[in-house]
Amino acid sequence: MSHARDSCNMASTEERAFKLDVNITKSEDSSPVFFKVDGERFKEVQTLKLQVDTKYRLSFEFRPAMEVSEISMGGVNLEHTLKMSDERSSQYECLWSTYGMNESKSKDRFYSVLYIKFTNDKQLNARIQCKMYSLKDKNHVTWGSCLKNLHIDCKMKDGQNYIDVQQVLFK
């Protein structure tokens, strides 16, 4: 009888947490990007400010280390490079281009989805509220706070392929 109970306990779902920091800079000069607090005007409280026709460097740090097989941003697959990995963390880097994206209208926001697939077939989807500015705009795009990174808290459960995104913080 106790043997059957032990088998049931082994079937319980194991949950593991990990943290992901995403650093975003312009690739041409490593200048930072900015975000602003929109309050209650939109679905999300904070908005990432980006420019059209611009290449960005995305750096990902996973704690503890995770093995990535695929990364996409806004539906575009990105070629990624493993920069460092040990048992505490792993770091990947890729370039993302906003060429061909449209400038956002005033009072308009959109979601860019960060999608990451891991070698264990788990998948992460994080929605990031964004506003696109023209290349000519040198003022509005830098109003607000300098983004150090997007901090994403995640949980994985055995038996499910998706990763629960607990929160996305703009820091």
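Mentor: Begin with β1 and β4, which pair in the antiparallel sense over eight bridges. Strands here are DSSP runs (E, at least two residues), numbered from the N terminus, and two strands pair if DSSP finds at least two bridges between them. This is a predicted model, where local features need pLDDT of at least 70 and side-chain atom pairs count only at pLDDT 80 or more, while totals for chains, interfaces and linings use all residues. Residues are numbered from 1 along each chain as its sequence is written, and side-chain values use heavy atoms, with hydrogens and water left out.

Trainee: Which residue in β4 is the bridge partner of Val 22?
Mentor: Phe 60 in β4 is the bridge partner of Val 22.

Trainee: How many bridges join β4 to β8?
Mentor: β4 and β8 run antiparallel and are joined by eight bridges. As an example, Glu 61 has Gln 91 in β8 as its bridge partner.

Trainee: What holds strands together in general?
Mentor: Strands of a sheet pair through backbone hydrogen bonds, either parallel or antiparallel.

Trainee: What is the order of the strands in the open sheet?
Mentor: The open sheet has six strands in the order β7-β8-β4-β1-β12-β13, with antiparallel pairing. Its edge strands are β7 (80-85) and β13 (164-170), each pairing on one side only. From one strand to the next, the twist averages 20°; axes are lines fitted to C-alpha atoms, and angles run from 0 to 180 degrees between N-to-C directions.

Trainee: What about β12 and β13?
Mentor: Strand β12 (residues 150-157) runs antiparallel to β13, and six bridges join them. Cys 154 has Val 165 in β13 as its bridge partner.

Trainee: Back to β4. Which of its side chains are buried?
Mentor: The side chains along β4 alternate. Buried means under 20% relative accessible area, exposed over 50%, and partly exposed in between, with a 1.4 Å probe and protein chains only.

Trainee: Is Cys 94 buried or exposed? And Cys 130, buried or exposed?
Mentor: Cys 94 counts as buried because its relative accessibility is 4%. Cys 130 is buried too, with a relative accessible area of 0%.

Trainee: Now the backbone. Where is the cis peptide bond?
Mentor: The cis peptide bond joins Arg 63 and Pro 64, with omega about -5°. Pro 64 sits in the loop between β4 (55-63) and β5 (68-73).

Trainee: What is the phi of Ser 30, and what is the phi of Lys 107?
Mentor: Ser 30 is not a glycine, yet it has a positive phi of about 60°. Ser 30 lies in the loop between β1 (15-26) and β2 (34-37), and counts as partly exposed at 49% relative accessibility. Lys 107 has a positive phi near 65°, is found in the loop between β8 (90-97) and β9 (110-118), and counts as exposed at 64% relative accessibility.

Trainee: Last one. What pLDDT does the chain average?
Mentor: The protein chain averages a pLDDT of 92, and 93% of the residues score at least 70. pLDDT is the predictor's confidence in each residue, from 0 to 100. Over residues 1-10 the pLDDT is below 50, and beyond near neighbours in sequence this stretch has zero contacts (heavy atoms within 4.5 Å) in the model.

Technical notes
Helices (H or I, at least four residues) and strands (E, at least two) are DSSP runs, numbered from the N terminus.
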